[in-house]
Amino acid sequence: MWKYIVKRILMLIPVMLATIFVVYFIMDQSEVDPAKIMLGEGATEETIAELHEELGLDDPFLVRYVRYVGDLLRGDMGNSYTYKTSVAGQIRERLPNTFLLASCGVLFSVVVGIPIGILAARKQNSIFDNASMIFSLVGASAPAFWIGLLLVLAFSLKLHIFPASGMGKGFAGVLRSLVLPAVTLGMSGAATTARTTRSSMLETIRQDYIDMARSKGTGEFVITYRHMLKNALIPVVTAVGLHFGVLLGGSVLTETVFAWPGIGRFVIESIKTQDIPSVLGCVVTLAVMFTIVNLLVDILYAYVDPRIKSQYKTTKKVVKSR
């Protein structure tokens, strides 16, 4: 298992280099001159030329790319043109907020999606089943900003229950300001989780060991949660794990609608101000986190389904015998 983990970690290297190359190339093709942004509109041509030479902006693209990767390996993401401070520092300040929002969004999708999927499978072709499928369709199709605006209109402007934007202070303030963006962010995940749970449960219901458990007089509650759900968790774990990775990088619209101080909003602000180092730093951070989440999901498979671990050990023994 450890060799598999190390192998997956090593596979991150070419993925990250390719991601950085694509983003760096796209940003390089823009007509933005970092020297003019840093010096302002009143800068002279001589001052701009001096800054170009100091920063190496006139060097070939590959030279600048290799230099950036080298700085990145040392933990240096450059300085923000807008804030005049370290990009890494700006990301460290905002990353916990994005992680908190994404975690609550995933929690909402699990708490809502799995029970709906279980009940829909248990009551197949019923009114509840049809309603859950409509919920899944709407939740997966509706844009996040549209759901967010509806929630703000209903619970902030009309009912005055939750704040419309920003991040409150203190535990109670943060919790109140977290509800609407977390629901907005987790709605599509709840729809996907419900649909995946229902489909996986329906396949498990038809298995022979379920009929055997019923013939032994086992209660329906025990059959559902000990036999059905436990063996139907693999697709659900995949959906939830991948959705968490998507939420980390896809919270841009939600953080913008609710003015949440996270990386997603920082990316939008950096794009508006043409802050290239900040955009690159955010993309690299989100790409690394997304890949790490996928790795953790793969590792979690072995603990959710012991058959995967035993299959890995069997393959290992066969390879050694050869």
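Glu269 and Arg265 form a salt bridge, with their closest N and O atoms 3.4 Å apart; the term denotes a side-chain nitrogen of Lys or Arg within 4 Å of a carboxyl oxygen of Asp or Glu. This is a predicted model, in which local features need pLDDT of at least 70 and side-chain atom pairs count only at pLDDT 80 or more, while totals for chains, interfaces and linings use all residues. Residues are numbered from 1 along each chain as its sequence is written, and side-chain values use heavy atoms, leaving out hydrogens and water.

**Salt bridges**

- Three salt bridges are counted by this rule.
- Glu269 and Arg265 stand four residues apart in helix H13 (residues 263-272), and are therefore separated by about one helical turn.
- Glu269 is partly exposed at 27% relative accessibility, and Arg265 is partly exposed at 30%; buried means under 20% relative accessible area, exposed over 50%, and partly exposed in between (1.4 Å probe, protein chains only).
- Arg198 and Asp129 are joined by a salt bridge of 2.7 Å, N to O.
- This pair links distant parts of the chain, with Arg198 in helix H8 (residues 170-205) and Asp129 in helix H6 (residues 127-141), 69 residues apart.
- Arg198 is buried, at 16% relative accessible area, and Asp129 is buried at 2%.
- Arg74 and Asp71 meet through their side chains in a salt bridge of 2.3 Å, N to O, and Arg74 is exposed, at 64% relative accessible area.

**Nonpolar surface patch**

- Phe145, Trp146, Leu149, Leu150, Leu153, Leu157 and Leu253 make up a nonpolar patch on the surface, with about 680 Å² of accessible area together.
- Patches consist of residues with over 30% relative accessible area and no salt bridge; like charges are joined within 9 Å, and nonpolar side chains (Val, Leu, Ile, Met, Phe, Trp, Tyr) within 5 Å.
- Helix H7 (residues 144-158) gives the most to this patch, with six residues.
- Leu253 belongs to helix H12 (residues 252-257) and is partly exposed, with a relative accessible area of 46%.

**The chain as a whole**

- The protein chain has 15 helices and zero strands; helices (H or I, at least four residues) and strands (E, at least two) are DSSP runs, numbered from the N terminus.
- Along its principal axes, the C-alpha trace spans about 90 × 70 × 35 Å.
- Of the 322 residues of the protein chain, 39% count as buried.
- The protein chain exposes about 18200 Å², of which carbon and sulfur atoms supply 66%; accessible areas come from the Shrake-Rupley method with a 1.4 Å probe, and for residues only the protein chains shown count as cover.
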